[in-house]
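Trainee: Could we go through this model together? I would like to begin with the terms and then turn to the charged residues.

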Amino acid sequence: MKTHLILLFISFTFGAKTVLAQTTPYERMGQKEMSGGNFTAAANYFEQAYVKDNSNMNALWLMGYSNYHALEYRKSIDAFNKLIAMKPTETAAYYYRGKAKVLLSGTIKDYKSTERGKLIHGAIKDFTTALDFTPSDYKLYQNRGLAYQEYAIYRSQRVADIYNKVAAINAANASIADFQKVLEEGGFRRDINAQIEKSKQLLADIK
């Protein structure tokens with residue numbers, strides 16, 4: 001990862017100003033590991049920085065981001081939970097927390113698991129909150145559309161306490177609306193058109 005990208009992740013926006021956080025030795029070691037793609041080691045350093053100062057939002061952000069890329073989704077979610085509690089307008093924290101929830105839900109193999117549904121629904125809420133702050137960000141619509149699609153699949157399972165035809169149909173329609181918003185923002189995209197067709201087929205199967 002290039003240095004200017006690392007600097008992007010250690011900055012926070014307060015009002016109209018962007019303040020670059022003063023980094024600690026642990027953070028600098030974490031950034032070095034992160035720049036080499038060693039996200040597990042990086043997350044450990046950022047965690048040490050946070051333990052040393054639990055008001056350090058910069059360390060929390062980098063810990064959540066590193067754990068996300070280290071595939072430690074629960075740890076990533078936990079870090080972003082803490083960050084959002086401290087700074088509820090941090091859009092990127094909602095974005096990565098939402099993505100971590102979707103990916104974590106995919107690791108749950110038990111199709112009867114209600115946790116899976118809660119994670120997907122939580123991701124939808126995260127992307128929606130992020131859109132409240134940045135309504136023109138089409139990648140948020142894309143990710144929410146994918147989450148809605150997964151939720152429709154989840155709710156369409158003929159399993160007690162999970163199957164809900166109305167919820168499945170609503171989620172499938174919402175996914176189509178979000179994907180269409182991506183096309184409005186970014187122009188023709190074959191991958192998004194394919195997702196729209198997938199959601200339409202899902203609707204047909206549900207009905």
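Mentor: Let us begin with exposure: a residue is buried under 20% relative accessible area, exposed over 50%, and partly exposed in between, using a 1.4 Å probe and protein chains only. This is a predicted model, in which local features need pLDDT of at least 70 and side-chain atom pairs count only at pLDDT 80 or more, while totals for chains, interfaces and linings use all residues. Residues are numbered from 1 along each chain as its sequence is written, and side-chain values use heavy atoms, with hydrogens and water left out.

Trainee: Is Lys139 buried or partly exposed, then?

Mentor: Lys139 counts as partly exposed because its relative accessibility is 34%. Its side chain meets that of Asp137 in a salt bridge (2.6 Å, N to O); the term requires a side-chain nitrogen of Lys or Arg within 4 Å of a carboxyl oxygen of Asp or Glu. Asp137 is partly exposed as well, with a relative accessible area of 21%.

Trainee: How many salt bridges does a search of the whole structure find?

Mentor: The search finds nine. One of them joins the side chains of Arg97 and Asp126 at 2.6 Å, N to O. That pair links distant parts of the chain, with Arg97 in helix 6 and Asp126 in helix 7, 29 residues apart. Helices are DSSP runs of H or I with at least four residues, strands are runs of E with at least two, and both are numbered from the N terminus.

Trainee: Why does Asp126 count as buried?

Mentor: Asp126 counts as buried because its relative accessibility is 3%. Arg97 is buried too, at 13%.

Trainee: What about Lys99, and how far away is the nearest side chain of opposite charge?

Mentor: Lys99 lies in helix 6, residues 91–106. Lys99 is buried yet has no salt bridge, and the nearest side chain of opposite charge, Asp137, is 11 Å away. For charge, Lys and Arg count as positive and Asp and Glu as negative, with His and the chain ends not counted. Beyond neighbours within four places in sequence, Lys99 is in contact (heavy atoms within 4.5 Å) with Tyr68, Phe127 and Asn143.

Trainee: Changing topic, which residues does Ser105 touch?

Mentor: Not counting residues up to four places away in sequence, Ser105 touches Arg116, Leu119 and Ile120. Ser105 is also in helix 6, and it counts as buried because its relative accessibility is 4%.

Trainee: And how many helices and strands are in the protein chain?

Mentor: The protein chain has ten helices and two strands.
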